[in-house]
Amino acid sequence: MTDPDHPAGRLIALDLARTIAIVCMVIFHYTFDLALFGHIPPETIYQPFWYYFARAIAGSFLFLSGVSLWLAHGQGVRWRPFWVRWARIAGAAVLVTLASLWFVSGGPIWFGILHAIAAVSLLGLAALRLPWPATLALAAAVFAIGVKVQSPAFDPIWLVWTGLAESRPMMGDYVPLFPWAAPALAGIGLARALRIDRWPARLPSPTLRRLAFPGRHSLIIYLVHQPILIGLFSLHARITGG
């Protein structure tokens, strides 16, 4: 069994996949900021490519969180590491919500990608004990409900996490459990089906370690990259007067 907390026990492919997701996220937010500061037409990010690109990025993060959950806890939940990681993600989600009250033009982020990852980490604990076909079936059911079911009964803000409201709330980032728990559950199911915890893990080469570095530090990159980008765009606007 691999030990995800030991350098020689990490699956380098998982870290590299996170690196790709991080790079794609930065590209999307850079494009978003170009539109926000008037360097490209504001409707650019609503074009089909960017619309689905953003959703593919969110889905990849959630899928990888499911894979990681199985890799770390599939053979038995290690409660202390689990709660330490969960508290880190949940705390970061709270910071995002607080910052969004003042700085996000699309509306406060009550349930974004970090909130979703924290929530599906808890839900995933139950899925760890299910047979993998049942987990994949549950993922399909969650996705179908999220796509097909909308009701005004879920419109109150305290039910925003469900994703089943008839009217989509205004948020700068919105990743509700229906349908977005589906990729995380799929990650758990596929990781179990493929027995990813038994894959050989070796100390990667220096080049691969450098490429995987962003993937090992995805949370901090997520938190700081957009403030840095916005700060640079603001500085450019101040210097150029544009």
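## Salt bridges

Arg 195 forms a salt bridge with Asp 197, with 3.2 Å between the closest N and O atoms; a salt bridge here is a side-chain nitrogen of Lys or Arg within 4 Å of a carboxyl oxygen of Asp or Glu. Arg 195 counts as partly exposed because its relative accessibility is 27%, whereas Asp 197, at 3%, counts as buried. The classes are defined by relative accessible area: buried is under 20%, exposed over 50%, and partly exposed in between (1.4 Å probe, protein chains only).

The structure holds 2 salt bridges. Asp 15 and Arg 18 also meet through their side chains in a salt bridge, at 2.9 Å from N to O. Both of these residues are buried, and both lie in helix H1, 3 residues apart, about one turn of the helix. An α-helix has 3.6 residues a turn, so residues three or four places apart point the same way.

## Basis and confidence

This is a predicted model, in which local features need pLDDT of at least 70, side-chain atom pairs count only at pLDDT 80 or more, and totals for chains, interfaces and linings use all residues. Residues are numbered from 1 along each chain as its sequence is written, and side-chain values use heavy atoms, with hydrogens and water left out.

The protein chain has a mean pLDDT of 91, and 94% of its residues reach 70 or more; pLDDT is the predictor's confidence in each residue, from 0 to 100. Over residues 1-9 the pLDDT is below 50, although this stretch has 25 contacts in the model beyond near neighbours in sequence. A contact means heavy atoms within 4.5 Å. Where pLDDT is low, the predicted coordinates should not be read in detail.

## Nonpolar core

The largest nonpolar core has 55 residues, of which Phe 61, Leu 62, Ile 113, Leu 114 and Ile 196 touch the most other members. Helices H1 (12-36), H2 (48-73), H3 (79-103), H4 (113-127), H5 (132-148), H6 (177-193) and H8 (218-240) each supply at least two residues of this core, and H2 gives the largest share, 12 residues. Such a core is a set of buried Ala, Val, Leu, Ile, Met, Phe, Trp, Tyr and Cys residues joined through side-chain atoms within 4.5 Å.

Leu 62 lies in helix H2 and counts as buried because its relative accessibility is 0%. Leaving aside residues up to four places away in sequence, Leu 62 touches Ile 113, Ala 116, Ile 117, Val 120, Val 175, Trp 180, Pro 183 and Ala 184.

## Overall architecture

The protein chain comprises 8 helices and 0 strands, in the order α-α-α-α-α-α-α-α along the sequence. Its radius of gyration is 19 Å, close to the 18 Å that the globule rule gives for 242 residues, so the chain is as compact as a globular protein of that length. The radius is taken over C-alpha atoms, and the rule is 2.2 Å times the number of residues to the power 0.38. Helices (H or I, at least four residues) and strands (E, at least two) are DSSP runs, numbered from the N terminus.

The C-alpha atoms fill a box of roughly 55 × 50 × 30 Å along the principal axes. Buried residues make up 43% of the 242 residues. Of the contacts with a separation of 6 or more, 76% are between residues 24 or more positions apart.
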